[in-house]
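Dear colleague,

I am passing on the structure below, together with notes on what a computed analysis of its atoms turned up. Please keep the coordinates open as you read.

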Amino acid sequence: MFDRFSAYRPQLLSLLRIVAGLLFVSHGTAKVLGFPAMDGLPPPGLSLSGLSGPFELLLGGLFLLGLFTRPVAFLAAGFCAVGYWAVHGVQGPIPFLNGGETIALYCFVFLYFVAAGPGPWSVDAAMRKKT
């Protein structure tokens, strides 16, 4: 029954990248631009939150577009791993208990894209077609 969905694997890969990129960018916009507003978010500046916002905007935007996807995903996975252990891991190693489920999942989604590539709906794929 589910075999027919295999034909859509490339498009679903692109869709996963686009949705993950949009969600990751929203973390950056909340920290840098204050939109969407988040309760309890420290003001931008030299806090970990303030420093991470621009990275989330830049890496998330490039990832969303599918531009330099593999190196961006590699950097984002590392960024998330460091963020997990710096912010959540100090409260214990289990993501469910330390509030780090989201960043841990992002880390492994990005790591997957290092291997899988961006999918057909990406700037990278469009540039490959032109060469």
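Predicted model: local features only at pLDDT ≥ 70, side-chain atom pairs only at ≥ 80, totals over all residues.

Residues are numbered from 1 along each chain as its sequence is written, and side-chain values use heavy atoms, with hydrogens and water left out.

The protein chain averages a pLDDT (the predictor's confidence in each residue, from 0 to 100) of 92, and 95% of the residues score at least 70. Confidence is lowest in α2, at a mean of 92, and highest in α5, at 98.

The protein chain contains 6 helices and 0 strands, where helices (H or I, at least four residues) and strands (E, at least two) are DSSP runs numbered from the N terminus. Its C-alpha atoms fill a box of roughly 45 × 35 × 25 Å along the principal axes. Taking a contact to mean heavy atoms within 4.5 Å, 65% of the contacts between residues at least 6 apart in sequence join residues at least 24 apart.

Of the 131 residues in the protein chain, 35% are buried; here buried means under 20% relative accessible area, exposed over 50%, and partly exposed in between, with a 1.4 Å probe and protein chains only. Leaving aside residues up to four places away in sequence, F24 touches E56, L59, G60, F79, C80, Y106 and F110.

A search of the whole structure finds 1 salt bridge, defined as a side-chain nitrogen of Lys or Arg within 4 Å of a carboxyl oxygen of Asp or Glu. E56 forms this salt bridge with K31, the closest N and O atoms being 2.8 Å apart. The pair links distant parts of the chain, with E56 in helix α2 and K31 in helix α1, 25 residues apart, and both E56 and K31 are buried.

On the surface, M1, F2, F5, Y8, L12, L15, V19, L23 and W121 form a nonpolar patch with about 1,000 Å² of accessible area together. Patches are made of residues with over 30% relative accessible area and no salt bridge, like charges being joined within 9 Å and nonpolar side chains (Val, Leu, Ile, Met, Phe, Trp, Tyr) within 5 Å, and accessible areas come from the Shrake-Rupley method with a 1.4 Å probe, only the protein chains shown counting as cover for residues. W121 lies in the loop between α5 (101-116) and α6 (123-130).

Two backbone details are worth a look, given that most residues other than glycine have a negative phi, and most peptide bonds are trans. A cis peptide bond joins F35 and P36, with omega about -5°, and P36 lies in the loop between α1 (9-32) and α2 (48-65). F68, in the loop between α2 and α3, has a positive phi near 55°.

With best wishes
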